[in-house]
Amino acid sequence: MDAPSPASPAADDAEAPHRSGFACFVGRPNAGKSTLTNALVGTKVAITSNRPQTTRHTVRGIVHRPEAQLVLVDTPGLHKPRTLLGERLNDVVRTTWAEVDVIGFCLPADERTGPGDRFIANELAGLKRTPKVAVVTKSDLVDSRALAEQLISVDRLGKECGIEWAEIVPVSATEGRQVSLLADLLAPMLPEGPPLYPDGDLTDEPEQVMVAELIREAALEGVRDELPHSIAVVVEEMLPREDRPADRPLLDIHANIFLERPSQKGIVIGPKGKRLKDVGTTSRRHIEALLGTPVYLDLHVKVAKDWQRDPKALRRLGF
Ligand SMILES: Nc1nc2c(ncn2[C@@H]2O[C@H](COP(=O)(O)OP(=O)(O)OP(=O)(O)O)[C@@H](O)[C@H]2O)c(=O)[nH]1
């Protein structure tokens, strides 16, 4: 990967070269990475939730600008691995870091920088050539004084860990504050080059994976903290229903929700199947919004015993 050359502050914008490349947001679980990705791209592509470590697949969002195309790669959080899946997730994170043109390190404005941030910062410090931008997220949750203190503390964290921040930017993804400025700052750090994706593309993630993520997100709503890593969703089939008039299409989607243990079934299905029904209704709404077509969603809950620890099961589930 080429080292990015600094943007030339050309007086005539038409003279400025087009730039394109990859960026990823890193940070502790819940730091606001997915929400920021969505805010930059302007549509729901990465799943968000108020529980940590829900982002599993590498979902890309694409920011189109006249002068640059920024491809956002959304990674899962780096965390202490306890299972084979945990280790694989961390490998995915590190591989992604090494491949992007710029890294945005997300640190929430409303939480003090701590050992979790330091762990990530130390890992980042090892990537000498990649520019790193510190993004202080959730700026709407604190007053200006607390925000200033956080910016200073992030600056200090960089110095202590041997990182020279290319920028330190406060943003609020939910309020849309400084989100566009962040894109402006990231763009000049990309290498010169033509757009990597056609105009209008928001993501190159296969539709089935995004659909599976939307179902997983709905299935995780309101369940116990231990459950997130025990749920995997596989879309078995997505087919347009035959014999439908052209103006009333229907897409049939069959998906399986995999759990690790039979005891988890009750949690996901709920009394008289009510929870599962809600999961279906919620995710169908999101899938229809994503794909722009009415959907018939057929969901099944299955147990794949200890799938997190079983390499064969992991492969079957797409890891
Ligand atoms: N008030 C406020 N809340 C935010 C903002 N950005 C994210 N959040 C909330 O913070 C929580 C975590 O956000 P995510 O975007 O899912 O965080 P993440 O870093 O992707 O989390 P993982 O997938 O667990 O790594 C969610 O409840 C968001 O709604 C923000 O700018 N302002």
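This is a predicted model: local features need pLDDT of at least 70, side-chain atom pairs count only at pLDDT 80 or more; totals for chains, interfaces and linings use all residues.
Visitor: Is Ser172 buried or exposed?
Guide: The cut-off for burial is under 20% relative accessible area. The value for Ser172 is 0%, so this residue counts as buried.

Visitor: With which residues is Ser172 in contact, leaving aside its neighbours within four places in sequence?
Guide: One distance gives the setting: Ser172 and Leu141 are 31 residues apart in sequence, and their C-alpha atoms are 8.6 Å apart in space. Once sequence neighbours within four places are left aside, the contacts of Ser172 are Lys138, Ser139, Asp140, Arg177 and Val179.

Visitor: How many nonpolar, polar and charged residues does the contact of H1 with H5 have?
Guide: On the H1 side the residues are Leu36, Ala39 and Leu40. These meet Val179, Leu182 and Ala183 in H5. By class, the contact has no polar residues, no charged residues and six nonpolar ones.

Visitor: How many of the residues of H1 are buried?
Guide: The buried residues of H1 are Lys33, Ser34, Leu36, Thr37, Asn38, Leu40 and Val41. Of these, Leu36 and Leu40 also meet H5. H1 is largely enclosed by the rest of the structure, because its buried residues number seven of nine.

Visitor: How far apart are the C-alpha atoms of Pro131 and Leu186?
Guide: Pro131 lies in the loop between helix H3 (115-125) and strand S5 (132-137). With a relative accessible area of 16%, Pro131 is buried. Pro131 and Leu186 are 55 residues apart along the chain. The separation of their C-alpha atoms is 9.5 Å.

Visitor: Which element supplies the largest share of the largest nonpolar core?
Guide: The core has 26 residues, and those with the most contacts inside it are Ile215, Ile231, Ile253, Ile257, Ile287 and Leu299. At least two residues each come from helix H6 (207-220), strand S7 (232-240), strand S8 (251-259), helix H8 (274-291) and strand S9 (295-303). The largest share is seven residues, and the element that supplies it is H6.

Visitor: With which residues is Ile215 in contact, leaving aside its neighbours within four places in sequence?
Guide: Ile215 is among the residues with the most contacts inside the largest core. Apart from sequence neighbours within four places, Ile215 is in contact with Val233, Ala255, Ile257, Val279, Ser283, Ile287, Leu297 and Leu299.

Visitor: How many residues does the second, separate core have?
Guide: Its members include Val100, Ala109, Leu147 and Trp165. The count for this second core is 23 residues.

Visitor: Is Thr293 buried or exposed?
Guide: Thr293 has its place in the loop between H8 and S9. Beyond neighbours within four places in sequence, Thr293 is in contact with Pro249, Leu251 and Glu288. Its relative accessible area is 18%, which is under the 20% limit, so Thr293 is buried.

Visitor: What is the relative accessibility of Asp243?
Guide: Asp243 is in the loop between S7 and S8. Its phi is positive, about 65 degrees, although Asp243 is not a glycine. The residue counts as exposed, with a relative accessibility of 79%.

Visitor: What percentage of the residues of the chain count as buried?
Guide: The chain has nine helices and nine strands, and it exposes about 15,800 Å². Of its 319 residues, the buried part is 49%.

Note on methods. Residues are numbered from 1 along each chain as its sequence is written. Side-chain values use heavy atoms; hydrogens and water are left out. Contact means heavy atoms within 4.5 Å. Helices (H or I, at least four residues) and strands (E, at least two) are DSSP runs, numbered from the N terminus. Ala, Val, Leu, Ile, Met, Phe, Trp, Tyr, Cys and Pro count as nonpolar, Asp, Glu, Lys and Arg as charged, and the others, Gly among them, as polar. Buried means under 20% relative accessible area, exposed over 50%, partly exposed in between (1.4 Å probe, protein chains only). Accessible areas come from the Shrake-Rupley method with a 1.4 Å probe; for residues, only the protein chains shown count as cover. A nonpolar core is a set of buried Ala, Val, Leu, Ile, Met, Phe, Trp, Tyr and Cys residues joined through side-chain atoms within 4.5 Å.
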